[in-house]
Amino acid sequence: MATPFFVQAALMTTRAANSKPDGAPRRPRSRQEALKKLYGLLHFKDRVLITIDPDPDAIASAFALRRLLWRRVQSTTVGIIRPIKRLNNLTMVRLLKLPLVPIKEKSLADYDKFLLVDGQPCHNDIFRKIPYTAVIDHHPLTACSDVPFVDIRPDYGATSTIFTEYLRAARIKPSQTLATALIYGIKTDTQNFERQSREEDVRAFHYLFDKINHNVLRKIEISDLALKDLAYFREALENKTVAKDRIYTHLQKTPSADILVILADFLLKVHDISWSIVSGIVGNTLVVIVRNDGYRKDAGKSIQKAFAAFGSAGGHKAAARAEIPLENLEDVVLRKTPLAYARFVRRRLSP
Ligand SMILES: [Mn+2]
């Protein structure tokens, strides 16, 4: 199965161990060759730790690598450097039953080899201390380490794409679980192909598409609410004001701006609403989130005109955000009530 597209992809391998005598880096010509080299660096008695900063792309890549090492090393553990907080990612790990272990410095002695995916050693202090055998990533190349096997492709949209190519090169058909994880990794890192991505990302997506569990993927993608967030929906709906095609609402206190974003997206679903404007107090800041239908409108410009004099404000044509320290509003919003802040936002952002 000679797939020209693997051969085309240039492998970036560095460091002396990979170099010809003249010092020029030797590039494995194909994924198969790269895999052979990686396998050559590992021993069947090795206990391997794959370390990740756990976002979906990193989690999926780690389990793809684990699959590639199956029956080739004694054990493979996927270690995370911080707890997962994002609800979609917690849903991913729970529904796909992906075993993740928090990395503890004292337990590093339990492993013989360390591998890093979707990150580079100088990305954080924990990675920096670990003597890696291999790094496979798509972030911009940083020259901060000496690692025997390096495959970094900064132009790829996701590390999950790189691993989909490795699985194909190894002629391993990913399980439904692994395929679902990989496709979610590609979708999140490319923001559904709205952000930087390459033809390789699209090909990997296409290859994985009929191997995934679409219901599980959908549940992972929509799981961005905690039960307690439903109370903010009630508050937002009770306080809403509609003026022509604009819907405004204000929350008197929220722990972060995330829920304001979710509410702004939600309110834009109303079919004859063209603008949703959701504000709220987060700590000592008034946050304003604006969404519109994107047709001949500029949310970024509107929000700048409305709030740049008071704090930071900006964004794109269809999505924008302002953050205003409350102290800057001392002379503008005299009564410090939710209603007064809501009126201030409405006044500044009325057509
Ligand atoms: Mn990534």
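The model is predicted, so local features need pLDDT of at least 70 and side-chain atom pairs count only at pLDDT 80 or more, while totals for chains, interfaces and linings use all residues. Residues are numbered from 1 along each chain as its sequence is written, and side-chain values use heavy atoms, with hydrogens and water left out.

**Domains**
- The chain splits into domain 1 (4–222) and domain 2 (228–348), with bounds from an automatic or database domain assignment.
- Their C-alpha centres lie 39 Å apart.

**Strands** (DSSP runs of E, at least two residues, numbered from the N terminus)
- Strands β5 (residues 134–137) and β6 run parallel, joined by four bridges; pairing takes at least two DSSP bridges.
- A134 has F149 as its bridge partner in β6.
- F149 and D151 point one way from β6 (residues 149–152), V150 and I152 the other way, and all are buried (under 20% relative accessible area; exposed is over 50%, partly exposed in between; 1.4 Å probe, protein chains only).

**Salt bridges** (a Lys or Arg side-chain nitrogen within 4 Å of an Asp or Glu carboxyl oxygen)
- The structure holds 17 salt bridges.
- One of them joins D46 and K113 at 2.7 Å, N to O, and these residues are 67 apart in the chain.
- D46 is buried because its relative accessible area is 7%.
- K297 and D293 also form a salt bridge, with closest N and O atoms 2.8 Å apart.
- K297 has 16% relative accessibility, so K297 counts as buried, whereas D293, at 41%, is partly exposed.
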